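Please open the structure in a viewer and keep the sequence at hand. The stops below proceed by selection, each with a short account of what is found there.

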Amino acid sequence: MPEIYDFINSRDVRSYLREMNYQFTAPEAAFVVYWSIKSVKDKFRAWEEIIHSMPDCALQGSESTGRPEFTSFHAFLREYMELLKRDIQNFSSGEGFLYSYKVFLNGRGGVEPGWCDEDEVFFSEYHLCIEHCKEHVCSDYINKIRVSKISIDCVDGEPNKGNITFDRNMEMIFTEFCHKNEYESDLAMAFENMCFSIPTPFKRGDILADYETNKLPEDAEVIKGGLFVLSYVKTWNSKEMMSRGFHEYECPYAAGWDEFDRKVEKRLKKGDWSDMGAVGMCLRDNLGNFYYDSLILILSTNLEYYRKPLKGLERQLQAYSCHEKGEIGGELLADSCFAIRIEEYSRNVWKGCKSYYTDEILKQIGLLPGEQDRKKEEVYKGEGIF
């Protein structure tokens with residue numbers, strides 16, 4: 001049996017499942033492999049091992065997501081791998097196409113993290129684009145590179161012919177291809193149209209992030225939605241909700257727990273990967289406003305405890321975490337968040353004044369303390385404002 005735990009992106013979920021000796025089904029194991037950031041070569045080896053070492057089973061279809069039904073999951077996996085091999089071969093060949101790329105910056109050097117397009121850089125052949133990326137693009141400032149294939153003449157209405165995502169070592173990790181054939185399209189999307197209730201160690205009120213956010217440098221700006229306070233995972237049923245911090249009177253659905261459980265059961269049978277996401281509170285903007293998000297598109301198996309200190313307006317999340325756990329009431333939550341916002345707004349305005357105006361002007365208008373009020377200045381210095 002392959003070591004499926006190693007394919008889980010989250011170190012916390014990986015450790016939790018290994019400690020409990022969680023036994024994956026063949027579909028669960030193949031699903032974890034699909035979403036892993038390990039190379040496609042490693043994924044093929046793991047899928048082959050799943051076929052040879054894990055019991056076969058049926059794969060239930062879903063009309064709502066377009067997932068095909070297979071009486072043999074092993075047969076499905078073989079067919080999926082053959083399609084993926086053909087897609088990769090077709091992506092790297094053919095005439096009448098251009099290749100371009102974009103990079104995922106990891107926030108080092110003070111650069112804002114996220115995807116960044118390389119405007120007006122195109123290649124007539126796949127290998128030229130790959131060689132260019134290997135020689136000029138790969139660096140410690142980049143986590144991923146996505147290569148796209150585009151039709152020069154959009155004769156079939158589909159200019160984009162797919163994407164391949166590589167890690168910084170140019171190892172292929174994810175693929176996305178277009179198919180005219182409906183069955184092939186459904187087959188290629190099968191793993192994205194699956195949903196499983198894979199155990200995680202998290203509880204209500206935990207401050208979590210996706211594994212990529214935890215890898216950002218200390219001084220990097222957190223990607224929007226990548227850091228939040230957990231309310232619940234969308235695959236938890238009522239029993240799991242109670243064991244993770246909820247009370248009988250706190251059902252998220254007005255219709256009650258029975259209806260809540262029916263919704264969860266429907267997700268597991270007919271849902272897709274987004275139904276394995278988390279529900280929680282994150283910061284919406286640079287003003288520190290909250291946003292309760294029921295569609296945080298982060299797989300539960302990609303979540304980790306946030307390991308870095310909260311800074312600036314992020315400190316509100318600590319207060320909200322305490323409130324979500326029932327440790328503080330709404331009054332203290334509101335007051336603490338108000339105090340944090342006022343402090344951070346004032347700090348930013350003061351830094352702006354210091355950067356544009358001289359000390360003499362600031363003293364003249366009363367913003368900079370004079371000799372008679374040196375103690376106040378020392379307090380500001382202790383807070384890192386000066």
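Begin with the largest nonpolar core, which has 80 residues; a nonpolar core is a set of buried Ala, Val, Leu, Ile, Met, Phe, Trp, Tyr and Cys residues joined through side-chain atoms within 4.5 Å. Buried means under 20% relative accessible area, exposed over 50%, and partly exposed in between (1.4 Å probe, protein chains only). Select Phe24, Trp47, Ile50, Phe76 and Phe191, the residues with the most contacts inside this core. Helix 4 (residues 73–91) gives the most to this core, with 9 residues. Helices (H or I, at least four residues) and strands (E, at least two) are DSSP runs, numbered from the N terminus.

This is a predicted model, in which local features need pLDDT of at least 70 and side-chain atom pairs count only at pLDDT 80 or more, while totals for chains, interfaces and linings use all residues. Residues are numbered from 1 along each chain as its sequence is written, and side-chain values use heavy atoms, with hydrogens and water left out.

Now centre the view on Phe76. Leaving aside residues up to four places away in sequence, Phe76 touches Leu59, Phe70, Leu187, Ala190, Phe191 and Met194, where contact means heavy atoms within 4.5 Å.

Next, select strand 1 (residues 97–105). Of its 9 residues, 7 are buried, so strand 1 is largely enclosed by the rest of the structure. Strand 1 pairs with strand 3 (residues 142–151) in the antiparallel sense over 9 bridges; two strands pair if DSSP finds at least two bridges between them. Within strand 3, Ser151 is the bridge partner of Phe97. Strand 2 (residues 114–117) also runs antiparallel to strand 1, joined by 4 bridges, and Gly114 in strand 2 stands opposite Leu105.

Move on to helix 10 (residues 316–324). Here too 7 of the 9 residues are buried, so helix 10 is largely enclosed by the rest of the structure. Its buried residues include Leu317, Tyr320 and Glu324. Just after helix 10, Gly326 takes a positive phi of about 85°.

The charged pairs come next. The structure holds 19 salt bridges, each a side-chain nitrogen of Lys or Arg within 4 Å of a carboxyl oxygen of Asp or Glu. Select Arg204 and Glu250, whose closest N and O atoms are 2.9 Å apart in a salt bridge. This pair links distant parts of the chain, 46 residues apart: Arg204 is in the loop between helix 6 (182–188) and strand 6 (207–210), and Glu250 in the loop between helix 8 and helix 9. Arg204 is buried, at 14% relative accessible area, whereas Glu250 is partly exposed at 22%.

Then select helix 11 (residues 330–356), where Glu344 and Arg347 lie 3 residues apart, about one turn of the helix. Their side chains meet in a salt bridge (3.8 Å, N to O). Arg347 is buried, at 12% relative accessible area, and Glu344 counts as buried at 10%. Salt bridges that share partners join Arg315, Glu343, Glu344 and Arg347 into one network.

Which residues form a nonpolar patch on the surface? Select Tyr356, Tyr357, Ile361, Ile365 and Leu367, which together have about 570 Å² of accessible area. Such patches are made of residues with over 30% relative accessible area and no salt bridge; nonpolar side chains (Val, Leu, Ile, Met, Phe, Trp, Tyr) are joined within 5 Å, and like charges within 9 Å. Accessible areas come from the Shrake-Rupley method with a 1.4 Å probe, and for residues only the protein chains shown count as cover. Ile365 lies in the loop between helix 12 (359–364) and helix 13 (374–382), and counts as exposed at 56% relative accessibility.
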